[in-house]
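I opened the model to look up helix packing and cores. My notes follow.

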Amino acid sequence: MEEHDIILVDSGYTLLLYMLLTKELHKNKTYIFSDKTLLNYFEKSNFKLDTVYIDKEEYNKILSIKLRMLKGIKKILFRKKLRKILLSEIEKRTKNKKIRYIGNDHILMTRVIWDKIDEFTMIEDGIASYYDQKLYRKSRRNKFKSKKNLKLGLSPKVKKVIFSGIKEIPQELIEKTEILDFKKIYEEKDDVDKKEILDFFTLNTEDIEKIKTKRVIFLTQPFSQDGILTLEEEISIYEEIFKNYKREEIMIKTHPRDRKDYSKYFPDILVFDKIVPFELFDFVGVQFDVLATVASTASLTVKNVKKVDFYGSQINKKLEKKLGKL
């Protein structure tokens, strides 16, 4: 029986890993997602892939409702509507085919159809996938009411967990974990497959050559966008940090949700604002001497830097008050 992959994903990093694990990105594959960053990838892609985009704007409005009972009712109604849409879209594409579900098991799209999934393959979604599972189950935000709600690979339905080994494997996942060297997988792909992946993430040869001339990469965060700092405060913090390096050696890489035009504030510094998973730089052979950031968690797992300068929230009193000590 012909197989069809249903890829449930809301992370550019997880999507990149999936693309490394497969061939022919367009054949017998449906990508289901709700992240606007991913929507940007798919819309700008040079080749057409089969996608189902779920706009979660309505759901986000529901989450902001303060009245608990009304919020609960609205969430139930939204989930029922979403479930109906997803099952209909999946059925249209997979008639008389064997379905393989793969991706993130903790996201909304996966959870609303979880009872219809017999087997699932979970792919790493950064450092969060390595959380201690016992602590995760005990945390207030993630209390599990029944086995059907188990997340992060814990469910018996998750038959395989694919990790890159950036952290120690949680004890409860060891038996079903496969650790892969994704850089090696990328290097072993043929030129056509490599180009397909680079084209999808809009990373071209010219970009790579520019990036290779820089020794310091600075990762921004959407502090002003999230209302944590004013724009002036955020830019001022970054300006202070940049004084520690030669400006001609710095490259600013913007956070996926950070859409500020940094070239207005730092015209003498290279700004890379394409939304590319950081790991892809490593795959194409880009190495940095220093990764600098205020508090980006991406800095905790990078392999292609010699040194990480993690400034922490203490760099600014207002930031420390809002985020605590980082």
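I began with H8. Its buried residues pack against H1, helix H2 (36-44), helix H7 (182-188) and helix H11 (278-283). I took contact as heavy atoms within 4.5 Å. Helices (H or I, at least four residues) and strands (E, at least two) are DSSP runs, numbered from the N terminus.

This is a predicted model: local features need pLDDT of at least 70, side-chain atom pairs pLDDT 80 or more, while totals for chains, interfaces and linings use all residues. Residues count from 1 along each chain as its sequence is written, and side-chain values use heavy atoms, without hydrogens and water.

Which residues of H8 (residues 191-200) are buried? I listed Asp193, Glu196, Ile197, Leu198 and Phe200. Buried means under 20% relative accessible area, with a 1.4 Å probe and protein chains only.

Next, the ends of H8. At its start, a side-chain oxygen of aspartate 190 comes to within 3.2 Å of the backbone nitrogen of valine 192. Threonine 202 follows H8 and has a positive phi, near 50°.

Then I checked the cores. A nonpolar core is a set of buried Ala, Val, Leu, Ile, Met, Phe, Trp, Tyr and Cys residues joined through side-chain atoms within 4.5 Å. The largest has 46 residues; Phe200, Leu203, Leu280, Phe281 and Phe288 touch the most other members. Helix H1 (residues 12-21) gives this core its largest share, 7 residues. Another core, of 28 residues, lies apart and includes Ile32 and Leu82.

Last, threonine 121 in strand S5 (residues 120-123). Threonine 121 counts as buried because its relative accessibility is 13%.

Methods: Buried < 20%, exposed > 50% of the residue type's maximum accessible area, 1.4 Å probe, protein only. Polar contact = N/O pair within 3.5 Å; in protein donor to acceptor, adjacent residues only side chain to side chain.
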